[in-house]
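Here is a quick tour for someone opening this one up for the first time. Take a look, then read on.

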Amino acid sequence: MSKNIILCGVGGQGTILASKLISGAAMNKGMAVKSAETIGMAQRGGSVFSHLRLGEGADCPMIASGCADIIIGFEPGETVRLLPYLKKEGQVIVSTRPVMPVTAALAGSDYNGSEMLDYIRKKVKRVIAIDTERVCRELGSTKIVNLLLLGAAVKSGALGLDEEDIRKVILDRIPPKFHELNFKALEYAKNI
Amino acid sequence: MHQEFLMGNEAIAMGAIAAGVNLVAGYPGTPSTEVLETVAKHRPQDTYVEWSINEKTAMEVGAGAAYAGARVMVTMKQVGLNVATDPLMSLEYIGVKGGMVVLVADDPGPISSQTEQDTRHFSRFSKLPCFDPSTVQEAYDMIQDAFEYSEKYKTPVFLRSTTRVSHGYASIQVKDEAEYNKNLPEGFIKDTKRWVIFPRLSYQAHINIEARNVALSQEFSSYDKNRILYADSNRFPKKGIATGGFNYTYVSEALKALGEVKLLKVSTPHPFPEALALSFLTGLDEVICIEELDPVIERELIYIAGKYQLPVKIYGKLTMDVKNSGENTLDSVMENLTKFLGVNPPETSALTEADKAEMPELPVRPPVLCAGCPHRASFYAVKQAMKGKKTLFAGDIGCYTMGNAMPLDMVDTCLCMGAGLGIAQGIDHIEPDTSCFAFVGDSTFFAAAIPGVINAVYNQANMTLVVLDNSTTAMTGHQPHPGTGQTMMGDVVNKISIEKILKGIGLAFVETVNPLDHNKSVETVKRAAALPGVKAIIFKSPCIAIVKSDKCLSVDHDKCINCRKCIREIGCPALVLRDERVVIDDSLCTGCGLCSQICPVQAIGGEQHE
Ligand code: SF4
Ligand code: SF4
């Protein structure tokens, strides 16, 4: 089995940690992993991405247009930006919370991501949109966006990993004091 | 052997350790930085690692150690190589005793650099051999090969990487510790005929270098990383593709969809494996070269085709069949190859062309200074103090280059490391009525700015130096430097004081101020600017990415008059509009307090903890 996964968002949102969890989970299962991500200047509030390729046979860590099995978007606009990478019948997981760019605040624009979400819903059949802002408030932490999106990705079946794989990698890679919170987020995502 | 999941730069570092590297020196620069950091983290006890103050010094420290028989790696990004050119060009003639690999990471795009220069070209210019890995595994293997070749031919060699190799991750096969090579340096042996460069010695060395490179070209033709693949392709028997470095993976990926085509993979762009390339070209009618930055492989193939009078057409950047600037992508390479082969690209995207045309306008996200960054406060203080005056704000290389963004708009020039000082002086000499400022970060100050300050004082310039001291090398991920009092060996040493250096040079005005104290900062800038000669202000406040803050301010909407001065003046990413009102994003705000000092009605306050 091979899977092409794209994570995207704005620098500082935690796409890199999510990508590390997926690659860790895949490695635990003995799968070959290749990945590429944005590092450097763009991390400061710019658009960032991670490409992940699970399974044998990939020479290149990058994914071509129309070849992603799943896009996990931490921000609506950034998800639209990378939508050309999605293959036909591909899955989109998206957080509905917009991140307003400084340029938009300066211009007095009221960018709120809704136009972006409409476009995604219109063009893609398999979409799970999560109001992460509301769920974070409900669960009392802003640090679980990662796990909410990952949980939804697992549930969609497009990730090629199951809940047990993710639980195991959380135990491996995340400090114990956050385990309970992360498991709670994962559990919550299952019922969305 | 066992499997590990490594970043390309980590693989290079672990490969160097496996090769028994004794000393590593370098200067941080994206995309090369993690190489040295990884060696420092995993170094065997007797391996010495340092962040040198700049690339020239790193190269010289490396040369000395290699003279003594140590295995040495020197690391930098492509523009750093420009700084190290002086010692390297002479070292080419002198040579080394222990293996010496110069790791240079190129940045096609460019993604985080000033130039799109190509180290493969530099290797031709300096006549030094160059290894160009395609994958993380190859990077691990080839750094070890590079040490062997370097020692065998007693010359420094390049390992050239590019962003996508350096920052790509893969699960690869690495050696167990028991398999590591151990190198015990013999020590420096005095021999003036060998180690002291003189015109006569250089003449003789030049003859040897030319002969060596002919021999190396032969040897590289049978090097296992240089290969002809799919030689018996019968779908396109008269066509061929030449590539090298990371672009090999783009091509191999595209060929999975398009079918096999005879392929030349070049892993040693210099000396070029001529015999291998000749056998590749023979019998072909058309060849396309897929490479990034300069048309290095393309020119070599044109030369070989001419030399042996082969009737083959070579396409690439020179013929405009491959774009001649910027980064290639899987999609651009697929387009190049389908056009060259006369076939249709596969249609797999969820979006049709019509769908793409309907896409809403996407948010534009230029990189900006972080919320709470003290540089924002420093720039804003100078801007306020100099309002209405004729000014020049020369910027430099670092996070603070982003002070150019609206609404700060405080970077009028930016050229290369340390150049802002010289530029400010040059403009001052031509336009004496302009108040000239040069902004420089603390790491850049040590790396490249001190000669510029001395020059300004000696040559009687009028200018104000603004040192933005956040006690780290922030842009490249927080490396220590002489002002931080830490070394890569984990030692705590005396901090070198920027203030004392400036006073020692003889500046009349040197003052240190906290930029987050807005009124005091403005007042200090006004006093400095009014004086003649060379003045310096050190804005000292730590990078918020190191000193994590748990403070957060908020807007009191009963007081706020919605004038939006806070957003308009400083552009902090934590200040956002929601339902037509200014709110502070609590996931970003660090409570730096700059906005609260700007708000005309004191509507911003509080110190909520999360
Ligand atoms: S206090 Fe104001 S300027 Fe400072 S980080 Fe928070 S919102 Fe930005
Ligand atoms: S400057 Fe003060 S009053 Fe004006 S919008 Fe900002 S918080 Fe409100």
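## A threonine in a loop

Where is A:Thr96 found? Look in the loop between strand 5 (86-95) and helix 3 (102-106) of chain A; helices (H or I, at least four residues) and strands (E, at least two) are DSSP runs, numbered from the N terminus. A:Thr96 counts as buried because its relative accessibility is 18% (buried means under 20% relative accessible area, exposed over 50%, partly exposed in between, with a 1.4 Å probe and protein chains only). Setting aside neighbours within four places in sequence, A:Thr96 is in contact with A:Pro76, A:Leu117, A:Ala129, A:Ile130, A:Asp131 and A:Thr132, where contact means heavy atoms within 4.5 Å.

Some ground rules: this is a predicted model, so local features need pLDDT of at least 70 and side-chain atom pairs count only at pLDDT 80 or more, while totals for chains, interfaces and linings use all residues. Residues are numbered from 1 along each chain as its sequence is written, chains are lettered from A and ligands numbered from 1 in the order in which they are written, and side-chain values use heavy atoms, with hydrogens and water left out.

## Where the two chains meet

Chain A brings 60 residues to the contact, and chain B brings 57 residues. The size of an interface is often given as the accessible area lost when the parts come together. Between chain A and chain B, about 4900 Å² is buried, and carbon and sulfur atoms give 59% of that (the accessible area, 1.4 Å probe, that two parts lose on being put together, summed over both).

Another joins B:Glu358 to A:Lys122, at 3.2 Å from N to O. That pair crosses between chains: B:Glu358 sits in the loop between helix 15 (353-357) and helix 16 (374-385) of chain B, and A:Lys122 in helix 4 (residues 114-123) of chain A. B:Glu358 is partly exposed at 40%, while A:Lys122 is exposed at 62%.

## Salt bridges within the chains

Over all chains, the structure holds 47 salt bridges. In chain A, A:Glu37 pairs with A:Lys20, the closest N and O atoms being 3.5 Å apart. The two are 17 residues apart, with A:Glu37 in strand 2 (residues 33-37) and A:Lys20 in helix 1 (residues 15-28) of chain A. A:Glu37 is buried at 5%, and A:Lys20 counts as partly exposed at 24%.

Over in chain B, B:Glu274 and B:Lys307 meet at 2.7 Å, N to O. B:Glu274 lies in helix 12 (residues 274-281) and B:Lys307 in helix 13 (residues 296-307) of chain B, so this pair ties together parts 33 residues apart in sequence. There's a network of salt bridges too, linking B:Asp106, B:Asp118, B:Arg120, B:Asp132, B:Arg160 and B:Glu291.

## Two ligands and their shells

Around ligand 1 there are 14 residues, and B:Cys572, B:Cys589, B:Cys592, B:Gly593 and B:Cys595 come nearest (a residue is near a molecule if one of its heavy atoms lies within 4 Å of it). Its shell has 10 nonpolar, 4 polar and no charged residues; Ala, Val, Leu, Ile, Met, Phe, Trp, Tyr, Cys and Pro count as nonpolar, Asp, Glu, Lys and Arg as charged, and the others, Gly among them, as polar.

Ligand 2 is surrounded by 13 residues, the closest being B:Cys560, B:Cys563, B:Arg564, B:Cys566 and B:Cys599. The shell of ligand 2 has 10 nonpolar, 1 polar and 2 charged residues.

Terms used
Salt bridge = Lys/Arg side-chain N within 4 Å of Asp/Glu carboxyl O.
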